[in-house]
Amino acid sequence: MAAPARDLPAVTTTRESGPRRRGPRDIPRFLLLCLLAVIFLAPMYWMVATSLKAETDVIATPTQWVPARPTLDNYREVFTSPDGNILRWMWNSFFVATVFTVLHVALCALTAYPLARMRFKGRDTIFWIILGSMMIPWVVSMIPTYLMMLRFNWINSFHSLIWPGLAGAFGVFLLRQFFMALPKELEEAARLDGANSLQVLWNVILPLSIPALVTLAVFSFMGSWNNFIWPTFVVTDIDKLTLPVGVNTFSQRYVTEYGKLMASTAIASVPVLIAYLLAQRYLIAGLSTTGMKE
Amino acid sequence: MSLSLPRENVPPRRRRSFENSGLTPYLYLLPFALLFLVFVVYPVGYGFYVSLHRWDLLAETRPFVGLEYYRNLFDFSTPQAQFFWNSMKNTALFTVISVPLLIAVSLGLALLLYRPIFGRAFFRAVFFLPGVLTVSVMGILWRWMFDNQIGLVNAIRTDIFGMQPLPFLSTQGLAWIPIIVGTLWWTIGFNMTLYLAALGNISQSLYEAAEIDGATAWPKFRFITWPLLGPVTLFVFVTTVLASFQLFGQTLVITAGGPNRTTQSAIQYITEEAFSNNQFSSASAMAFMFGLVMLIFTILQFRIMARDAREGS
C-alpha cells in the first residue's frame with residue numbers, strides 16, 4: 001500500500017467519517033462483545049451461584065445452573081468459621097495497605113521533589129541509581145529480606161509487610177516526571193514571598209500534583225492489598241493474615257467444600273469490586289496516561 | 001529577577017541561610033536513602049553472601065562453601081537441579097504460551113472497543129473487572145471452574161455437549177489450561193486499557209487517507225494500526241513477560257504445582273526450597289540464577305522507561 005496521501009483531507013471532511021458512524025455494520029461487533037462479556041462474567045456468576053447453594057446442591061447432577069434452594073448458610077459459616085475471621089483479614093489488609101500507601105506516597109514525594117526541582121551535586125547520579133534499582137529482580141532480595149525480618153523479630157508483624165517495599169523506584173520516577181513538568185513561575189513567586197523549600201513543596205507543588213499523587217496512591221494501595229507471595233511467608237499467625245493469604249488458607253482447608261469457598265471469595269471480592277466501580281473512570285484514565293507517553 | 005525588591009536591608013532569616021547551605025536536597029533524600037540502603041542495596045549483597053555459605057538457621061556455624069550451590073544447580077543428580085530447571089522450564093512454557101495470547105487477545109478486545117458502540121463503557125468495565133480480584137480469589141475461582149467432575153467447564157461439557165468430564169486439574173499438560181485461561185481472564189483488561197489509550201492517539205486522518213486509496217480493514221490494520229502501536233506493544237510485551245515470569249499465585253492456588261510438579265513455577269520452587277526445606281543458601285543461589293534470566297527483560301524495560309525519562313526532561 002502506498003504511503004497515506006497527505007494532501008487530500010479536504011474531501012474527507014465532507015463525508016461522515018468512519019469512527020463516528022453507527023449503524024447496521026456495528027451489530028456483529030456488538031453481538032461479539034455481548035458474547036465475550038457473558039464469557040467474562042460467567043466465573044463471577046458461577047461464584048455467586050455456588051455460594052448460594054447447599055453443599056449437596058453444589059455437587060448435584062444434573063448441574064443446577066440456578067440455585068434451586070438458595071441459602072445464605074455458606075456465608076453464615078464463613079463469617080463464624082473457627083478457622084479464621086475473614087473480616088479481621090479484610091481489616092488487616094486495609095490497615096496495612098493504608099499505612100503503606102500514606103508512607104510510600106509521602107516518601108516518594110519527598111524524594112522526587114529535590115530530584116525534579118533543585119540543582120545539586122550528584123542529582124542525576126542519584127536519580128539513575130534509584131531508577132537502576134528497578135533492574136534488580138525482586139526475587140533476588142526475597143530470601144535475604146526474609147532473614148532480616150527474622151533477625152528484626154518482624155515475622156508475624158505488619159512491619160514486615162510495610163517497610164521493605166517503601167523505597168520503590170517507580171513512585172519516585174512517576175512523581176519526578178510530574179513535578180518536572182510544573183511551571184517554574186509559581187514556585188518563584190512563592191520564593192519571593194519568602195517561602196522555604198518545604199513550604200513550596202506543601203503549598204505549590206503538591207496541590208498541583210494531585211492527579212499524580214492519586215495515581216500513585218491507587219497503585220500503591222492495590223499493590224499492597226493484592227500482595228500474595230511475601231505475606232504468605234512472613235505472616236503465618238491466623239489473626240495477622242491479610243485477605244489474599246487468609247482466603248487461600250480457607251482454600252487449603254475446604255478443598256472440596258466449594259459452597260463455603262465461593263462464599264469466602266465472594267466476600268473477599270466485594271470491597272475491591274465496590275472500590276473499582278467507584279474509581280473506575282479515574283483508574284482507567286490513570287492507567288492510560290501513566291504507563292505510556294506515546 | 002526584575003521584580004525583586006532591594007533586599008540589602010532585610011536581615012537574613014535563619015531558614016534562608018540553611019536553605020542556602022546546599023544541604024537541603026540531601027536532607028530530603030535522607031529518609032529514602034536509608035530505606036533504600038537497608039531494603040534494596042543491602043539484601044542483594046547479603047543474599048549473595050548467603051548463597052556462598054551453608055546457611056542453617058539452627059546451626060552455630062555457617063561455613064563458606066564458595067560456588068557449591070551454584071554448581072549443584074548444574075549437577076543433575078541432585079533433586080535441586082532437577083526440580084529447579086523443571087520449574088524454570090514450566091515458567092518458560094507458561095510465558096511462551098501466555099504472552100502471545102495476552103497480547104493478541106487484549107489488542108483484539110481494544111480493536112473491538114475503541115470505536116463508539118452502544119454500551120462501550122459497560123464492556124470496558126466488564127473486561128477490566130476481573131483484574132481487580134486478588135490472585136488467590138482468582139485462583140480458587142478457576143480451580144472451581146475447572147474442577148475435575150463438577151466444575152462449570154465440565155458441567156457444560158457433560159450436560160450440554162454430552163461429553164465425558166475431563167480431569168483438567170490432575171492431568172499432565174491439561175492442568176495448564178485452567179492456569180492460562182484464568183490468567184488471561186484476570187489480566188487482559190490491563191493491557192487492553194493500554195491499547196485503547198494508544199489507539200485513541202492514532203490520527204483518524206491516516207485512516208481517511210487510506211480509505212481514499214481504497215484500503216480495506218486488513219491493510220489499514222497492517223500498515224497503519226500495527227506499526228503505530230509498536231511502542232505500546234513493546235511495552236506490553238516486556239511488562240507481560242516480566243509478570244509471567246513471576247508466576248506464583250495462579251499455579252499455587254489452582255494446581256498446587258501438580259500434577260507431579262508439572263506446573264510448579266520457578267518462584268514457587270525457590271520459596272519451597274527456602275521456607276519449607278529451610279535451604280536458604282540453595283534457594284538464594286536459585287534466586288540469583290533466576291534473577292539473571294529476568295535481568296535481561298528488566299534491562300529491556302529499564303531502557304524503555306529511561307527513554308521516557310529522557311523525553312520528559
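This is a predicted model: local features need pLDDT of at least 70, side-chain atom pairs count only at pLDDT 80 or more; totals for chains, interfaces and linings use all residues.
**Ground rules.** I number residues from 1 along each chain as its sequence is written, and letter chains from A in the order in which they are written. Local features need pLDDT of at least 70, side-chain atom pairs count only at pLDDT 80 or more, totals for chains, interfaces and linings use all residues, and side-chain values use heavy atoms, with hydrogens and water left out.

**Chain A.** I looked up the secondary structure and found 15 helices and zero strands. Helices are DSSP runs of H or I with at least four residues, and strands are runs of E with at least two. Next I checked burial: 51% of the 294 residues in chain A are buried. Buried means under 20% relative accessible area, with a 1.4 Å probe and protein chains only.

**Helix 9 of chain B.** This helix covers residues 204–212. I noted B:Tyr207, B:Glu208, B:Ala209 and B:Ala210 as buried. Just after the helix, B:Gly214 has a positive phi of about 85°.

**Where the chains meet.** I found 116 residues of chain A in contact with 113 residues of chain B. Contact means heavy atoms within 4.5 Å. The two chains bury about 10800 Å² between them, 76% of it on carbon and sulfur atoms. Buried area is the accessible area (1.4 Å probe) that two parts lose on being put together, summed over both. On the side of chain A that touches chain B, helix 2 (residues 26–51) gives the largest share, 16 residues. I then sorted that side by type: 81 nonpolar, 23 polar and 12 charged residues. Asp, Glu, Lys and Arg count as charged; Gly is among the polar ones.

Definitions and conventions:
Buried means under 20% relative accessible area, exposed over 50%, partly exposed in between (1.4 Å probe, protein chains only).
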